[in-house]
Amino acid sequence: MRIGVLSDTHIPERASEIPDMVKSIFKSVDMILHCGDLTSLKVKEELESLAPTYCVQGNMDRYSGLELPKSRVIEIEGIKIGLNHGEVYPRGDTQQLKYIALELDVEVLITGHTHWAFIKEVEGILMLNPGSATVPRLSDPTIMLLEIEKGNIDSEIIKVGDPCKSVNFKKQDKL
């Protein structure tokens with residue numbers, strides 16, 4: 001099974017649409033997982049036109065009034081996968097994320113919230129974060145593809161655009 005994963009799209013508040021490259025890649029997936037901060041159900045509807053889509057609620061979804069589950073557990077080929085926005089501080093703290101995985105009783109935890117992608121293993125738990133395809137935070141815009149076959153999972157971070165340009169470094173004049 002091929003699964004497309006994304007998070008933190010923030011449409012329409014911070015971005016206008018899902019990038020065409022993401023839609024093109026997701027045409028070949030069996031399922032899409034969105035780790036929160038859609039901020040509009042139109043994002044889910046658009047993704048649903050490509051493949052069955054499962055979403056969880058991010059911190060900004062609450063502000064937008066979206067009623068989505070805080071977490072989901074999906075079992076695929078015997079692998080229990082947890083989906084959660086990963087709203088921990090500091091962002092991306094793997095020790096706190098580990099406890100979310102333990103509470104959900106999953107082997108794989110997929111989260112968002114950081115706006116930068118990672119693949120890490122912490123005490124036997126695979127932790128995945130697809131980053132953000134639309135509003136990366138000091139990183140490249142990314143999504144993730146998962147390939148699950150015969151009880152094995154392969155994960156790949158895919159760059160889907162130009163690097164974040166939110167920091168503008170200017171050369172200082174010499175005194």
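For a chain of 175 residues, a compact globule would have a radius of gyration near 16 Å, and the chain agrees with this at 16 Å (taken over C-alpha atoms; the globule rule is 2.2 Å times the number of residues to the power 0.38). The model is predicted: local features need pLDDT of at least 70 and side-chain atom pairs count only at pLDDT 80 or more, whereas totals for chains, interfaces and linings use all residues. Residues are numbered from 1 along each chain as its sequence is written, and side-chain values use heavy atoms, with hydrogens and water left out.

The C-alpha trace spans about 65 × 35 × 30 Å along its principal axes. The accessible surface comes to about 9200 Å² (Shrake-Rupley method, 1.4 Å probe), and 49% of this surface belongs to carbon and sulfur atoms. Of the 175 residues, 50% count as buried (under 20% relative accessible area; exposed means over 50%, and partly exposed in between, with a 1.4 Å probe and protein chains only). Among contacts (heavy atoms within 4.5 Å) with a separation of 6 or more, 56% are between residues 24 or more positions apart. The side chains include 20 positive and 27 negative ones, and the centres of the two sets lie 8 Å apart; Lys and Arg count as positive and Asp and Glu as negative, without His and the chain ends, and the charges are placed at NZ of Lys, CZ of Arg, CG of Asp or CD of Glu.

The chain contains 4 helices and 10 strands (DSSP runs numbered from the N terminus: H or I of at least four residues for helices, E of at least two for strands). Their order along the sequence is β-α-β-α-β-α-β-β-α-β-β-β-β-β.

Helix α4 comprises residues 94–104, and its buried residues are Thr94, Leu97, Lys98, Ile100 and Ala101. Seen down the axis of α4, these residues fall within an arc of 160°, so they line one face of the helix; the arc is that of the directions from the helix axis to the C-beta atoms. The buried residues of α4 pack against β5 (79–84), β6 (108–110), β7 (117–122) and β8 (125–130). Exposed residues Leu102 and Glu103 are carried on the face turned away from the buried side. Asp105, with a positive phi near 55°, follows α4.

Ser7 is placed in the loop between β1 (2–6) and α1 (20–26). This residue is buried, with a relative accessible area of 1%. Not counting residues up to four places away in sequence, Ser7 touches His34, Cys35, Gly36, His85, Gly112, His113, Pro130, Gly131, Ser132 and Ala133. Ser7 and Gly161 lie 154 residues apart in sequence, with a C-alpha to C-alpha distance of 15 Å.
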